[in-house]
Amino acid sequence: MPPTAKPKPKKSTAKSKPAKPLPKEFPPSSNPLNAETIFLPKVSLGNLVRQYKPTQTVQQIVTTTRKRLRSQGKFLRISHNPANPHTLLYGFDGAILAYRISSGSEHRNTILSEAVKVLPQPKNSEYRGIDRGKYTVRHYCIWSPYNKTPFVSAQFKADGESAEDFMRQTTSIWETMSDNLKCLFPAIYREFTKYPLPEGLSRMADAFSGIVVNMHTNEGPVETEPHRDVKERKFGMSCLSPFGEYEGGHLVLWELETVIELAPGDQLFFRDSLINHSNESVTDGVRNSVVAFTQQSMFDYWRRQNGRGVDQQQQRLNRIKKRQKAERKEKRKTKNKGKK
Ligand SMILES: O=C(O)CCC(=O)C(=O)O
Ligand SMILES: [Fe+2]
């Protein structure tokens, strides 16, 4: 081939933008208990809140690319650090996205594992809300869906004395979770505990309005499919604690491209309404879990009772959105002027 006939390199049709440099690591906005910190340069609480949708958005997040990365072991994997029981994950706006407290002993696992024995054995055909797996679910909480006054969940009433017994036996779990919430996320704690419930009702899990118990069945262990708990408050935090005797079942946090390992009795505070999550396979044994939460519907009720001031976080977000919209408009204007 004469030298002139050298094939030209193909021109790419896609406009290639230079990749933005990732933000540099800096300390999280707060770390009162000197947790080991893990910086996630590609995510931020602000972005997650802005992207929040009240319906599931799994397909947009759990993409083929992300699934491939995960199966190739390219998600960040956070195992336990024997030197520090606290692990804090934060994004590029400094805000905490998840916080793990290792159990440190069998104590919490024993309490939950003993208490779950008093609950009615699940029938596998039962309705489980959205399809998350083959396990069964009991909601013991005060909530207020469909714009009503808050009420005690039907499953708590249906399970009667055994549900009450379960909650009594596990009181110390909810107290510890609430103490940790108060220390680590004081603003969320204040919001969760500030307003009263209708007469005769009280929060079921200390600072949290209630819990969900996810129970292993003969059909399978607690192994959730990717989902967000869209009804939980988007400015809140829920606290997950797996229990039982098992191997595997660690938690995948999809937006964070991270897998966080959870041993029985660990507590994981995380933004379950904002972050799609699921479990890795449980490779052995019996895995159950509890999650303490407060639903947005409670805040809707408090706002109806006490006025818009209840939702200061939402108001702040609306103000930021309005300002950003005005800034974008102004930018467009200047750009167009420049073209003329
Ligand atoms: O058991 C787990 O690790 C997750 C539970 C969960 O995501 C849920 O109950 O919504
Ligand atoms: Fe969840």
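How many nonpolar, polar and charged residues does the shell around ligand 1 have? By class, that shell has 6 nonpolar, 5 polar and 1 charged residues. Here Ala, Val, Leu, Ile, Met, Phe, Trp, Tyr, Cys and Pro count as nonpolar, Asp, Glu, Lys and Arg as charged, and the others, Gly among them, as polar.

This is a predicted model, in which local features need pLDDT of at least 70, side-chain atom pairs count only at pLDDT 80 or more, and totals for chains, interfaces and linings use all residues. Residues are numbered from 1 along each chain as its sequence is written, while chains are lettered from A and ligands numbered from 1 in the order in which they are written.

**Overall architecture**

- The protein chain holds 9 helices and 13 strands; helices (H or I, at least four residues) and strands (E, at least two) are DSSP runs, numbered from the N terminus.
- The C-alpha trace of the protein chain spans about 85 × 55 × 40 Å along its principal axes.
- Of the 340 residues in the protein chain, 35% are buried. A residue is buried if 20 or more other C-beta atoms lie within 10 Å of its own, exposed if 12 or fewer, and partly exposed in between, with C-beta atoms placed from the backbone.
- Among the contacts in the protein chain with a separation of 6 or more, 80% come from residues 24 or more positions apart. Two residues are in contact if their C-beta atoms, placed from the backbone, lie within 7 Å.

**The sheet of 9 strands**

- An open sheet with mixed pairing has 9 strands in the order β1-β3-β4-β11-β8-β13-β7-β5-β6. Two strands pair if DSSP finds at least two bridges between them.
- At the edges of this sheet are β1 (36-40) and β6, each of which pairs on one side only.
- Strand β5 (residues 136-143) has 6 of its 8 residues buried, so it is largely enclosed by the rest of the structure.
- β5 pairs with β7 in the antiparallel sense over 6 bridges, and V137 stands opposite N214 in β7.
- β5 also pairs in the antiparallel sense with strand β6 (residues 151-152), over 2 bridges. In β6, F151 is the bridge partner of W143, and V152 stands opposite I142.
- Helix α4 (residues 107-115) lies across β8 and β13 and runs at about 85° to β8. Axes are lines fitted to C-alpha atoms, for helices over the stretch in contact, and angles run from 0 to 180 degrees between N-to-C directions.

**The sheet of 4 strands**

- A further open sheet is formed by 4 strands in the order β2-β10-β9-β12, with mixed pairing.
- β2 (76-78) and β12 (277-279) stand at its edges with a single partner strand each, so one side of each is left without a neighbour in the sheet.
- On average, neighbouring strands of this sheet are turned by 25° against each other, direction ignored.
- Strands β9 (residues 251-253) and β10 (residues 258-260) run antiparallel and are joined by 3 bridges; L251 stands opposite I260 in β10.

**Surroundings of ligand 1**

- The residues around ligand 1 are V212, N214, V222, T224, D229, L240, P242, L251, H277, N279, S289 and V291. A residue is near a molecule or strand if its C-beta atom, placed from the backbone, lies within 6 Å of it.
- Two or more residues of this shell come from each of β7 (210-215), β8 (238-248), β12 and β13 (282-293).

**Residue D272**

- D272 lies in the loop between β11 (267-270) and β12, and counts as buried because it has 24 C-beta neighbours inside 10 Å.
- D272 and D229 are 43 residues apart in sequence and 5.5 Å apart in space, C-alpha to C-alpha.
- Not counting residues up to four places away in sequence, D272 touches R228, D229, E232, S238 and H277.

**Helix α9**

- The 28 residues of helix α9 (residues 312-339) should span 40 Å at 1.5 Å a residue, which agrees with the 41 Å between its end C-alpha atoms. The expected span of a helix is 1.5 Å times one less than its number of residues.
- α9 is hardly covered, with a count of 0 buried residues among its 28.

**Residues with positive phi**

- N34, in the segment before β1, has a phi near 50°, a positive value in a residue other than glycine. With 9 C-beta neighbours inside 10 Å, N34 counts as exposed.
- D206, in the loop between α7 (186-194) and β7, has a phi near 60°, a positive value in a residue other than glycine. With 21 C-beta neighbours inside 10 Å, D206 counts as buried.
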